[in-house]
Amino acid sequence: MSDKDIDQAPAAEDVAVEDPKPVEEDATEATPAAPKRGGASIAWLSFVVAILALSIAGYVAWQGHRAAQDTATEDRVARLERRVTEATGSLGTLDARIEEVGQRDPGINAALDAVRREFDERLRALDALPARLSTLEGSVASLAGVSEGARDAWVVAEAEYYMQIANAQLQLANNPHLAALALRMADERIVQLANPRLTDVRRALSDELAALDVMEKPDIEGATLTLASLARVVESLPLASEAFADDEADEGVDPELSGAGRAWASVKNAMSGLVKVTPRDEAKLVALTPDAEYFLRSNLALQLQSARLALLRGEQAIFQQSMDDTTALLHDYFDLGSAQVAATLQTIAEVRNHVFAVAVPDISESLRLLRQFRTLSENEQ
(Lines give C-alpha, C1' and ligand atoms only; values in the text may rest on other atoms or scores of the structure.)
Protein backbone atom coordinates (compact mmCIF):
# COMPACT_ATOMS: atom_id res chain seq x y z
CA MET A 1 0.00 0.00 0.00
CA SER A 2 1.30 3.30 -0.99
CA ASP A 3 1.41 6.44 1.14
CA LYS A 4 -1.35 8.00 -0.81
CA ASP A 5 -3.61 5.08 -0.12
CA ILE A 6 -2.85 5.32 3.56
CA ASP A 7 -3.69 9.01 3.65
CA GLN A 8 -7.10 8.37 2.02
CA ALA A 9 -8.15 5.52 4.27
CA PRO A 10 -8.90 7.56 7.37
CA ALA A 11 -11.14 9.77 5.30
CA ALA A 12 -13.26 6.81 4.38
CA GLU A 13 -13.55 5.74 7.98
CA ASP A 14 -14.61 9.25 8.96
CA VAL A 15 -17.30 9.15 6.36
CA ALA A 16 -18.49 5.76 7.48
CA VAL A 17 -18.63 6.83 11.11
CA GLU A 18 -20.38 10.19 10.58
CA ASP A 19 -23.26 8.83 8.36
CA PRO A 20 -25.41 7.27 11.17
CA LYS A 21 -25.87 10.63 12.99
CA PRO A 22 -27.95 12.32 10.30
CA VAL A 23 -30.18 9.23 10.13
CA GLU A 24 -30.88 9.44 13.82
CA GLU A 25 -31.68 13.19 13.52
CA ASP A 26 -34.12 12.54 10.66
CA ALA A 27 -35.83 9.86 12.69
CA THR A 28 -35.99 12.21 15.61
CA GLU A 29 -37.47 15.03 13.48
CA ALA A 30 -40.05 12.73 11.73
CA THR A 31 -41.60 11.53 14.96
CA PRO A 32 -43.63 14.76 15.75
CA ALA A 33 -45.48 14.71 12.30
CA ALA A 34 -47.96 12.03 13.40
CA PRO A 35 -49.74 14.23 16.04
CA LYS A 36 -50.37 17.06 13.42
CA ARG A 37 -52.37 14.73 11.15
CA GLY A 38 -54.59 13.55 14.06
CA GLY A 39 -55.58 17.18 15.03
CA ALA A 40 -56.73 18.02 11.52
CA SER A 41 -58.95 14.97 11.51
CA ILE A 42 -60.60 16.04 14.77
CA ALA A 43 -61.24 19.55 13.37
CA TRP A 44 -62.89 18.19 10.27
CA LEU A 45 -65.02 15.87 12.36
CA SER A 46 -66.16 18.73 14.59
CA PHE A 47 -67.09 20.81 11.51
CA VAL A 48 -69.15 17.94 10.09
CA VAL A 49 -70.91 17.43 13.44
CA ALA A 50 -71.72 21.14 13.65
CA ILE A 51 -73.17 21.14 10.16
CA LEU A 52 -75.28 18.12 11.03
CA ALA A 53 -76.48 19.80 14.22
CA LEU A 54 -77.41 22.97 12.35
CA SER A 55 -79.23 20.95 9.72
CA ILE A 56 -81.17 19.07 12.38
CA ALA A 57 -82.03 22.32 14.20
CA GLY A 58 -83.18 23.98 10.95
CA TYR A 59 -85.25 20.98 10.06
CA VAL A 60 -86.89 20.96 13.49
CA ALA A 61 -87.58 24.72 13.24
CA TRP A 62 -89.03 24.34 9.77
CA GLN A 63 -91.26 21.53 10.96
CA GLY A 64 -92.46 23.67 13.86
CA HIS A 65 -93.19 26.62 11.55
CA ARG A 66 -95.00 24.35 9.15
CA ALA A 67 -97.05 22.91 11.98
CA ALA A 68 -97.95 26.45 13.13
CA GLN A 69 -99.00 27.37 9.60
CA ASP A 70 -101.06 24.23 9.34
CA THR A 71 -102.74 25.08 12.63
CA ALA A 72 -103.52 28.66 11.49
CA THR A 73 -104.82 27.36 8.17
CA GLU A 74 -107.03 24.88 9.96
CA ASP A 75 -108.39 27.68 12.17
CA ARG A 76 -109.14 29.82 9.13
CA VAL A 77 -110.80 26.94 7.36
CA ALA A 78 -112.87 26.26 10.46
CA ARG A 79 -113.96 29.88 10.65
CA LEU A 80 -114.84 29.91 6.95
CA GLU A 81 -116.84 26.75 7.41
CA ARG A 82 -118.73 28.34 10.31
CA ARG A 83 -119.46 31.43 8.17
CA VAL A 84 -120.62 29.30 5.27
CA THR A 85 -122.85 27.37 7.64
CA GLU A 86 -124.30 30.60 9.07
CA ALA A 87 -124.83 32.03 5.56
CA THR A 88 -126.53 28.85 4.48
CA GLY A 89 -128.79 29.06 7.51
CA SER A 90 -129.61 32.72 6.76
CA LEU A 91 -130.42 31.88 3.13
CA GLY A 92 -132.64 29.09 4.29
CA THR A 93 -134.43 31.44 6.67
CA LEU A 94 -134.81 34.05 3.92
CA ASP A 95 -136.23 31.47 1.52
CA ALA A 96 -138.67 30.40 4.18
CA ARG A 97 -139.77 34.01 4.76
CA ILE A 98 -140.17 34.59 1.02
CA GLU A 99 -142.30 31.50 0.72
CA GLU A 100 -144.32 32.60 3.73
CA VAL A 101 -144.90 36.05 2.26
CA GLY A 102 -145.82 34.53 -1.09
CA GLN A 103 -148.35 32.32 0.66
CA ARG A 104 -149.79 35.22 2.63
CA ASP A 105 -150.26 37.54 -0.36
CA PRO A 106 -150.67 35.73 -3.66
CA GLY A 107 -151.08 39.08 -5.42
CA ILE A 108 -147.37 39.86 -5.04
CA ASN A 109 -146.48 37.43 -7.79
CA ALA A 110 -148.96 39.08 -10.10
CA ALA A 111 -147.59 42.52 -9.24
CA LEU A 112 -144.06 41.31 -9.88
CA ASP A 113 -145.11 39.94 -13.23
CA ALA A 114 -146.70 43.27 -14.13
CA VAL A 115 -143.52 45.09 -13.15
CA ARG A 116 -141.47 42.73 -15.28
CA ARG A 117 -143.75 43.28 -18.27
CA GLU A 118 -143.56 47.06 -17.86
CA PHE A 119 -139.81 46.86 -17.57
CA ASP A 120 -139.63 44.78 -20.74
CA GLU A 121 -141.82 47.31 -22.58
CA ARG A 122 -139.58 50.17 -21.52
CA LEU A 123 -136.53 48.25 -22.65
CA ARG A 124 -138.13 47.78 -26.05
CA ALA A 125 -138.92 51.51 -26.16
CA LEU A 126 -135.30 52.29 -25.35
CA ASP A 127 -134.19 49.95 -28.10
CA ALA A 128 -136.38 51.87 -30.55
CA LEU A 129 -135.06 55.23 -29.35
CA PRO A 130 -131.96 55.32 -31.63
CA ALA A 131 -134.11 54.86 -34.70
CA ARG A 132 -136.45 57.63 -33.59
CA LEU A 133 -133.51 59.94 -32.92
CA SER A 134 -132.17 59.22 -36.38
CA THR A 135 -135.56 60.19 -37.85
CA LEU A 136 -135.59 63.39 -35.80
CA GLU A 137 -132.09 64.28 -36.91
CA GLY A 138 -133.13 63.79 -40.50
CA SER A 139 -136.11 66.10 -40.00
CA VAL A 140 -133.92 68.77 -38.42
CA ALA A 141 -131.43 68.43 -41.25
CA SER A 142 -134.22 68.94 -43.76
CA LEU A 143 -135.24 72.14 -41.97
CA ALA A 144 -131.80 73.56 -42.63
CA GLY A 145 -132.65 73.61 -46.27
CA VAL A 146 -135.57 76.01 -45.89
CA SER A 147 -135.31 78.81 -48.40
CA GLU A 148 -134.10 82.24 -47.40
CA GLY A 149 -137.33 83.75 -48.65
CA ALA A 150 -139.42 81.71 -46.21
CA ARG A 151 -137.19 82.83 -43.33
CA ASP A 152 -137.54 86.49 -44.31
CA ALA A 153 -141.32 86.13 -44.54
CA TRP A 154 -141.37 84.64 -41.05
CA VAL A 155 -139.30 87.51 -39.61
CA VAL A 156 -141.52 90.11 -41.32
CA ALA A 157 -144.60 88.43 -39.83
CA GLU A 158 -143.02 88.59 -36.37
CA ALA A 159 -142.24 92.30 -36.74
CA GLU A 160 -145.81 92.99 -37.89
CA TYR A 161 -147.19 91.07 -34.89
CA TYR A 162 -145.13 93.13 -32.42
CA MET A 163 -146.26 96.37 -34.08
CA GLN A 164 -149.89 95.33 -33.71
CA ILE A 165 -149.31 94.62 -30.02
CA ALA A 166 -147.73 98.06 -29.60
CA ASN A 167 -150.74 99.84 -31.13
CA ALA A 168 -153.20 97.81 -29.05
CA GLN A 169 -151.33 98.51 -25.80
CA LEU A 170 -151.17 102.24 -26.47
CA GLN A 171 -154.65 102.84 -27.92
CA LEU A 172 -156.71 100.37 -25.92
CA ALA A 173 -154.78 99.73 -22.69
CA ASN A 174 -153.12 103.18 -22.46
CA ASN A 175 -149.83 101.48 -21.62
CA PRO A 176 -146.94 103.30 -23.33
CA HIS A 177 -144.33 101.16 -21.56
CA LEU A 178 -145.45 97.91 -23.21
CA ALA A 179 -146.01 99.73 -26.49
CA ALA A 180 -142.40 100.95 -26.54
CA LEU A 181 -141.14 97.46 -25.65
CA ALA A 182 -143.11 95.89 -28.51
CA LEU A 183 -141.80 98.47 -31.00
CA ARG A 184 -138.19 97.76 -29.95
CA MET A 185 -138.75 94.04 -30.48
CA ALA A 186 -140.17 94.74 -33.93
CA ASP A 187 -137.13 96.87 -34.75
CA GLU A 188 -134.82 93.97 -33.74
CA ARG A 189 -136.61 91.65 -36.17
CA ILE A 190 -136.27 94.16 -39.01
CA VAL A 191 -132.55 94.55 -38.29
CA GLN A 192 -132.16 90.79 -38.77
CA LEU A 193 -133.45 91.11 -42.35
CA ALA A 194 -130.72 93.61 -43.35
CA ASN A 195 -132.87 94.79 -46.25
CA PRO A 196 -132.29 98.39 -47.47
CA ARG A 197 -135.90 98.56 -48.62
CA LEU A 198 -136.99 98.57 -44.96
CA THR A 199 -135.16 101.81 -44.18
CA ASP A 200 -138.40 103.83 -44.16
CA VAL A 201 -139.93 101.35 -41.73
CA ARG A 202 -137.00 101.70 -39.35
CA ARG A 203 -137.15 105.50 -39.62
CA ALA A 204 -140.84 105.44 -38.70
CA LEU A 205 -140.11 103.12 -35.76
CA SER A 206 -137.42 105.49 -34.50
CA ASP A 207 -139.82 108.45 -34.64
CA GLU A 208 -142.54 106.52 -32.86
CA LEU A 209 -140.17 105.40 -30.08
CA ALA A 210 -139.02 108.99 -29.60
CA ALA A 211 -142.67 110.14 -29.35
CA LEU A 212 -143.36 107.50 -26.70
CA ASP A 213 -140.29 108.53 -24.72
CA VAL A 214 -141.37 112.19 -24.51
CA MET A 215 -145.01 111.32 -23.90
CA GLU A 216 -146.46 112.30 -20.54
CA LYS A 217 -147.12 108.95 -18.93
CA PRO A 218 -150.03 108.68 -16.47
CA ASP A 219 -149.32 107.41 -13.00
CA ILE A 220 -151.41 104.24 -13.23
CA GLU A 221 -149.88 102.67 -10.13
CA GLY A 222 -150.49 105.77 -8.01
CA ALA A 223 -154.09 106.07 -9.22
CA THR A 224 -154.89 102.44 -8.40
CA LEU A 225 -153.43 102.83 -4.92
CA THR A 226 -155.51 105.98 -4.38
CA LEU A 227 -158.71 104.21 -5.40
CA ALA A 228 -157.88 101.30 -3.09
CA SER A 229 -157.45 103.78 -0.20
CA LEU A 230 -160.81 105.43 -0.98
CA ALA A 231 -162.49 101.99 -0.92
CA ARG A 232 -161.12 101.43 2.59
CA VAL A 233 -162.35 104.78 4.00
CA VAL A 234 -165.94 104.35 2.74
CA GLU A 235 -166.99 102.97 6.11
CA SER A 236 -166.10 106.23 7.86
CA LEU A 237 -167.91 108.64 5.51
CA PRO A 238 -170.92 110.34 7.18
CA LEU A 239 -174.38 109.86 5.67
CA ALA A 240 -176.73 112.73 4.86
CA SER A 241 -179.47 111.13 6.96
CA GLU A 242 -177.26 111.30 10.04
CA ALA A 243 -176.70 115.05 9.58
CA PHE A 244 -180.47 115.58 9.00
CA ALA A 245 -181.30 113.67 12.21
CA ASP A 246 -178.90 115.87 14.16
CA ASP A 247 -180.60 119.01 12.77
CA GLU A 248 -184.05 117.74 13.75
CA ALA A 249 -182.80 117.02 17.23
CA ASP A 250 -181.56 120.58 17.49
CA GLU A 251 -185.03 121.89 16.35
CA GLY A 252 -186.85 120.13 19.19
CA VAL A 253 -188.45 121.69 22.30
CA ASP A 254 -187.02 125.08 23.23
CA PRO A 255 -185.43 124.75 26.68
CA GLU A 256 -186.28 128.42 27.47
CA LEU A 257 -190.05 127.79 27.49
CA SER A 258 -191.98 127.50 30.74
CA GLY A 259 -193.39 124.23 31.96
CA ALA A 260 -196.80 124.62 30.27
CA GLY A 261 -195.22 125.88 27.08
CA ARG A 262 -192.78 123.03 26.94
CA ALA A 263 -195.58 120.50 27.48
CA TRP A 264 -197.63 122.04 24.67
CA ALA A 265 -194.61 122.04 22.33
CA SER A 266 -193.94 118.36 23.08
CA VAL A 267 -197.56 117.40 22.37
CA LYS A 268 -197.49 119.43 19.14
CA ASN A 269 -194.30 117.73 17.91
CA ALA A 270 -195.66 114.31 18.76
CA MET A 271 -198.94 114.94 16.88
CA SER A 272 -197.10 116.34 13.86
CA GLY A 273 -194.85 113.30 13.73
CA LEU A 274 -197.78 110.92 13.27
CA VAL A 275 -198.20 111.88 9.63
CA LYS A 276 -195.17 113.17 7.74
CA VAL A 277 -194.80 113.81 4.00
CA THR A 278 -191.22 113.69 2.66
CA PRO A 279 -190.49 115.51 -0.63
CA ARG A 280 -188.73 113.52 -3.36
CA ASP A 281 -185.64 115.67 -3.18
CA GLU A 282 -185.39 114.96 0.55
CA ALA A 283 -185.85 111.18 0.28
CA LYS A 284 -182.12 110.69 0.75
CA LEU A 285 -182.43 112.39 4.13
CA VAL A 286 -184.56 109.57 5.51
CA ALA A 287 -182.69 107.51 8.08
CA LEU A 288 -181.49 104.23 6.57
CA THR A 289 -181.86 100.88 8.24
CA PRO A 290 -178.59 99.13 9.24
CA ASP A 291 -178.95 96.65 6.37
CA ALA A 292 -179.57 99.40 3.82
CA GLU A 293 -176.61 101.39 5.11
CA TYR A 294 -174.38 98.28 4.88
CA PHE A 295 -175.38 97.58 1.27
CA LEU A 296 -174.96 101.25 0.35
CA ARG A 297 -171.40 101.39 1.64
CA SER A 298 -170.59 97.99 0.07
CA ASN A 299 -171.92 99.19 -3.30
CA LEU A 300 -169.76 102.31 -3.09
CA ALA A 301 -166.65 100.25 -2.27
CA LEU A 302 -167.38 97.86 -5.15
CA GLN A 303 -167.69 100.77 -7.58
CA LEU A 304 -164.26 102.04 -6.52
CA GLN A 305 -162.73 98.57 -6.87
CA SER A 306 -164.33 98.19 -10.32
CA ALA A 307 -162.80 101.51 -11.40
CA ARG A 308 -159.42 100.38 -10.07
CA LEU A 309 -159.59 97.11 -12.02
CA ALA A 310 -160.68 98.91 -15.22
CA LEU A 311 -157.78 101.30 -14.81
CA LEU A 312 -155.30 98.42 -14.57
CA ARG A 313 -156.80 96.82 -17.68
CA GLY A 314 -156.90 100.09 -19.60
CA GLU A 315 -160.71 99.92 -20.04
CA GLN A 316 -161.53 103.62 -20.17
CA ALA A 317 -165.30 103.28 -20.66
CA ILE A 318 -165.75 101.01 -17.62
CA PHE A 319 -163.51 103.29 -15.57
CA GLN A 320 -165.53 106.37 -16.45
CA GLN A 321 -168.82 104.61 -15.71
CA SER A 322 -167.60 103.45 -12.31
CA MET A 323 -166.45 106.96 -11.47
CA ASP A 324 -169.87 108.35 -12.47
CA ASP A 325 -171.70 105.82 -10.29
CA THR A 326 -169.41 106.52 -7.33
CA THR A 327 -169.92 110.29 -7.62
CA ALA A 328 -173.72 109.84 -7.86
CA LEU A 329 -173.84 107.70 -4.72
CA LEU A 330 -171.79 110.23 -2.79
CA HIS A 331 -174.07 113.11 -3.86
CA ASP A 332 -177.31 111.22 -3.13
CA TYR A 333 -176.67 109.56 0.23
CA PHE A 334 -173.68 111.18 1.93
CA ASP A 335 -173.20 114.47 3.71
CA LEU A 336 -171.74 116.87 1.15
CA GLY A 337 -171.00 119.40 3.87
CA SER A 338 -168.59 116.97 5.54
CA ALA A 339 -164.89 117.56 4.95
CA GLN A 340 -164.32 113.82 4.40
CA VAL A 341 -166.96 113.55 1.67
CA ALA A 342 -165.70 116.73 -0.01
CA ALA A 343 -162.11 115.43 0.00
CA THR A 344 -163.28 112.11 -1.46
CA LEU A 345 -165.11 113.83 -4.32
CA GLN A 346 -162.09 116.03 -5.05
CA THR A 347 -159.73 113.00 -5.14
CA ILE A 348 -162.07 111.14 -7.50
CA ALA A 349 -162.18 114.14 -9.83
CA GLU A 350 -158.37 114.42 -9.88
CA VAL A 351 -157.89 110.72 -10.67
CA ARG A 352 -160.57 110.88 -13.35
CA ASN A 353 -159.16 113.93 -15.09
CA HIS A 354 -155.49 112.95 -15.12
CA VAL A 355 -155.43 109.24 -15.94
CA PHE A 356 -156.98 109.17 -19.42
CA ALA A 357 -156.54 112.85 -20.27
CA VAL A 358 -153.03 112.33 -21.74
CA ALA A 359 -152.87 112.59 -25.54
CA VAL A 360 -151.29 109.50 -27.09
CA PRO A 361 -149.13 109.70 -30.24
CA ASP A 362 -149.88 107.88 -33.47
CA ILE A 363 -147.61 104.84 -33.87
CA SER A 364 -149.38 103.18 -36.79
CA GLU A 365 -147.14 104.60 -39.56
CA SER A 366 -144.47 101.88 -39.19
CA LEU A 367 -147.13 99.18 -39.30
CA ARG A 368 -148.60 100.66 -42.50
CA LEU A 369 -145.18 100.80 -44.19
CA LEU A 370 -144.32 97.24 -43.18
CA ARG A 371 -147.58 95.91 -44.57
CA GLN A 372 -146.93 97.79 -47.78
CA PHE A 373 -143.47 96.18 -48.03
CA ARG A 374 -144.93 92.72 -47.42
CA THR A 375 -147.55 93.20 -50.12
CA LEU A 376 -144.95 94.32 -52.68
CA SER A 377 -142.72 91.37 -51.83
CA GLU A 378 -145.59 88.92 -52.33
CA ASN A 379 -146.45 90.47 -55.68
CA GLU A 380 -142.86 90.20 -56.86
CA GLN A 381 -142.84 86.49 -56.09
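This tour moves through the structure in a series of selections and states what is found at each.

The model is predicted: local features require pLDDT of at least 70, side-chain atom pairs count only at pLDDT 80 or more, and totals for chains, interfaces and linings use all residues. Residues are numbered from 1 along each chain as its sequence is written, and side-chain values use heavy atoms, with hydrogens and water left out.

**The whole chain**

Begin with the protein chain in a cartoon view. The chain has 14 helices and 0 strands; helices (H or I, at least four residues) and strands (E, at least two) are DSSP runs, numbered from the N terminus. Of the 381 residues, 21% are buried. Here buried means under 20% relative accessible area, exposed means over 50%, and partly exposed lies in between (1.4 Å probe, protein chains only). The chain exposes about 27100 Å², of which carbon and sulfur atoms supply 59%. Accessible areas come from the Shrake-Rupley method with a 1.4 Å probe, and for residues only the protein chains shown count as cover. Among contacts with a separation of 6 or more, 76% are between residues 24 or more positions apart; contact means heavy atoms within 4.5 Å.

Next, select Trp44, Phe47, Val48, Ile51, Leu52, Ile56, Tyr59, Val60 and Trp62, which form a nonpolar patch on the surface with about 990 Å² of accessible area together. Patches are made of residues with over 30% relative accessible area and no salt bridge; like charges are joined within 9 Å, and nonpolar side chains (Val, Leu, Ile, Met, Phe, Trp, Tyr) within 5 Å. Trp62 lies in helix 3, residues 33-104. Trp62 counts as partly exposed because its relative accessibility is 45%.

Turn now to the charged side chains. The whole structure holds 12 salt bridges, a salt bridge being a side-chain nitrogen of Lys or Arg within 4 Å of a carboxyl oxygen of Asp or Glu. Select Asp152 and Arg151, whose salt bridge has its closest N and O atoms 3.2 Å apart. Asp152 is partly exposed at 27% relative accessibility, and Arg151 is partly exposed at 37%.

Glu158 and Arg189 also meet in a salt bridge, at 3.5 Å from N to O. This pair links distant parts of the chain, with Glu158 in helix 5 (residues 148-171) and Arg189 in helix 6 (residues 176-193), 31 residues apart. Glu158 is partly exposed at 25% relative accessibility, whereas Arg189 is buried at 15%.

The buried residues of helix 6 include Ala179, Leu183, Ala186, Asp187 and Ile190. Just after helix 6, Ala194 takes a positive phi of about 55 degrees.

Select Arg374 and Glu378, whose side chains meet in a salt bridge at 3.5 Å from N to O. Both lie in helix 14 (residues 365-380), 4 residues apart, about one turn of the helix. Arg374 is partly exposed at 29% relative accessible area, as is Glu378 at 47%.

Within helix 12, select Ser322. Ser322 is buried at 4% relative accessibility and touches Gln303, Ser306 and Ala307, not counting residues up to four places away in sequence. Asp324 also has its place in helix 12 and is partly exposed at 31% relative accessible area. The C-alpha atoms of Asp324 and Ile348 are separated by 9.7 Å, the two residues being 24 apart along the chain.
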